[in-house]
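Reader: Please show the structure. I would then like to ask about confidence, helix packing and backbone angles.

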Amino acid sequence: MELFSTFRQNILSLIENLQAEEVFQPGIVTDKITAEPPRDYSHGDISTNAAMVLSKQVKMAPRAVAEKLLEGLKALPGVSEVSIAGPGFINLFLHKDVWVQHLKEILKSGPSYGDLTVGQGKKVNVEYVSVNPTGPMHVGHSRGAIVGDIQAALFQKAGYEVVREYYINDAGSQTEALARAVYGRYLEALGRGSQEMGEYPGEYLIPVGKELFDRDGDKWADVEKSVWMEPVRLFSIDAMMDLIRSDLEDLGIHHDIFSSEKALVENGKVEEALDFLTSEGLIYEGVLEPPKGKQVEDWEPRPQTLFRSTQFGDDVDRALKKSDGKWTYFASDIAYHLDKYRRGFEFLIDVWGADHGGYIKRLDSAVQAVTQEDIYREDTLVLKAPPGPFSIRPSDYGQPVVPHQDKVLYDQFDQAQEDLASTTLKKSEESQVMRDGFEDGDEASVPQDEGDIVMVEDEASDDVSGSLVLFSSEETCPPETIVEDGKLPKVMGDLGKGMRSFKKGMSDDMDYEEGEPESAKVIEEEKGLSKKTSATGTKKKMATKKASTSKKTTATKKSSSPKKTVKKASATTAKAKTSKKTATKKAAPKKATTKSSASKAPSKT
């Protein structure tokens with residue numbers, strides 16, 4: 001179990017014991033009690049709000065509650081000190097051995113470390129990206145895609161059953177504008193000259209028009225718009241969704257479900273949702289007031305089908321039908337969220353762009369109305385936009401105002417790969433493992449027991465604290481893990497029996513307790529530590545080589561010690577004073593991908 005979860009459970013058990021002893025009355029609610037790192041690490045390793053949460057329930061001052069918990073907390077395994085801060089926060093300090101042991105547990109757990117069960121049995125729907133199928137993703141969409149995918153992964157890590165969903169807005173007027181632009185590119189592919197592209201003049205539609213021509217020839221060239229519109233629209237949407245899926249694939253993002261607005265409309269889901277709202281007296285015919293604070297040229301007072309969203313906290317009631325009789329996006333969104341709710345999701349998460357900030361209240365009102373459940377919770381994350389518009393439609397100057405993802409992100413991928421390859425090569429040449437008898441190209445065969453920590457240091461670096469590399473069984477996790485480069489946590493000052501700590505100012509002569517692993521001694525016992533002085537002080541190194549005229553001593557390897565390979569780490573890119581190289585071994589854990597599918601829940605309306 002994750003460390004902080006373990007201590008939270010210990011705190012809850014302590015409260016139960018105090019209830020049994022009648023110090024606290026029964027029936028205490030502990031859901032909001034936390035055990036987490038304090039903001040200021042000088043305040044301890046773990047901070048809990050238990051006293052603050054219990055105060056009103058047990059009718060005692062928070063500090064008095066904290067005093068009741070104090071002795072029990074001090075007795076918890078691994079706790080070295082407990083203090084009460086401010087109005088009643090409790091801070092716990094842990095023995096260093098706790099962190100050392102926990103490092104081993106992290107490595108043994110591998111990717112499963114930190115898995116929680118708080119969401120067990122609960123379903124979460126995360127709807128994100130949902131780019132209109134009118135073009136490839138631009139950099140604004142990519143940002144929302146990454147944020148949404150991270151949020152879904154965090155819920156999954158916490159034990160929730162997560163469904164990643166993409167909502168395709170394929171029933172609106174924008175897809176008709178797309179079809180007209182693709183039809184223009186189709187005519188150009190036929191040799192009919194330059195065509196008017198309307199709202200989507202981007203060159204990304206040129207190959208789409210060519211593909212339509214390759215598939216259908218001149219079939220649509222001389223027919224009425226009413227004939228070619230729907231087949232060209234469907235062809236265009238499919239082509240755009242292929243582009244979007246390709247962009248998502250490049251980001252490593254995969255959705256479980258792609259839901260279609262068009263399918264909702266055709267299957268009568270919009271009418272079904274609005275019929276329910278009508279039966280509840282929440283839909284009426286009325287005339288809206290003109291928009292406040294701005295003048296809209298084409299606005300005119302007219303009777304509309306309206307939803308009483310102000311009854312649920314919105315600013316104004318909202319229209320459900322356009323002047324041409326088609327449903328508004330809002331009407332479709334009501335049906336879509338009701339559909340998600342009926343599929344049994346306890347939490348619905350929407351990740352939107354900044355241009356949707358004003359949409360939150362109306363949708364929240366609609367969801368409250370159609371679900372009629374106090375336990376229902378709608379979370380909407382709106383990303384703050386950087387300066388400038390984000391769109392793939394033409395600007396006033398007739399050009400796209402934001403670069404597509406493939407114009408920015410792909411170039412960054414290529415550059416990052418080049419930088420990584422260059423940096424890796426340079427690090428390999430600059431870094432060395434400061435250990436006895438380790439020659440160029442040799443495999444690191446100095447005995448190392450499971451759980452040993454060794455120091456990897458860059459000779460050119462002024463920071464002699466080095467990097468910690470903690471070894472574990474290759475069967476359970478990668479053979480090495482860099483804990484932290486050049487920055488030792490305060491709890492790592494003395495790693496205790498069976499471990500080694502290397503910091504600035506360490507003594508030349510290190511004392512080892514009886515029974516300590518031989519690997520902790522072998523690095524130094526034959527060769528010792530050599531000193532290298534500079535203007536700033538003395539630089540310590542591990543197991544440096546003796547003079548070339550000296551005879552090498554080979555360390556005897558225990559038969560029970562597995563052969564390990566050391567992975568280098570360096571905190572600097574400065575030119576090294578030596579060209580000695582180290583053998584490296586790469587190991588990556590296999591990714592475990594969990595996919596959830598939503599089950600159809602019976603209607604709650």
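Reader: How many contacts beyond four places in sequence does the model have for residues 374–378?

Author: This is a predicted model, in which local features need pLDDT of at least 70, side-chain atom pairs count only at pLDDT 80 or more, and totals for chains, interfaces and linings use all residues. Residues are numbered from 1 along each chain as its sequence is written, and side-chain values use heavy atoms, without hydrogens and water. Over residues 374–378 the pLDDT (the predictor's confidence in each residue, from 0 to 100) stays under 50. With contact meaning heavy atoms within 4.5 Å, the number for this stretch is 12.

Reader: What is the mean pLDDT of the protein chain?

Author: Where pLDDT is low, the predicted coordinates should not be read in detail. In the protein chain, 62% of residues reach 70 or more, and the mean is 73.

Reader: How are H6 and H8 oriented to each other?

Author: The axes of H6 (residues 173–189) and H8 (residues 225–250) come within 8 Å and cross at roughly 100°. Angles of 65 to 115 degrees count as roughly perpendicular. H6 and H8 are therefore roughly perpendicular.

Reader: Is Ser130 buried or exposed?

Author: Ser130 lies in the loop between strand S5 (123–127) and helix H5 (139–157), and its phi is positive, near 45°. Buried means under 20% relative accessible area, and exposed over 50%. Because its relative accessible area is 12%, Ser130 is buried.

Reader: Is Glu22 buried or exposed?

Author: Glu22, although not a glycine, has a positive phi of about 65°. Its relative accessibility is 71%, so Glu22 counts as exposed.

Key. Axes are lines fitted to C-alpha atoms, for helices over the stretch in contact, and angles run from 0 to 180 degrees between N-to-C directions. Helices (H or I, at least four residues) and strands (E, at least two) are DSSP runs, numbered from the N terminus. Angles under 35 degrees count as roughly parallel, over 145 as roughly antiparallel, 65 to 115 as roughly perpendicular and the rest as oblique. Buried means under 20% relative accessible area, exposed over 50%, partly exposed in between (1.4 Å probe, protein chains only).
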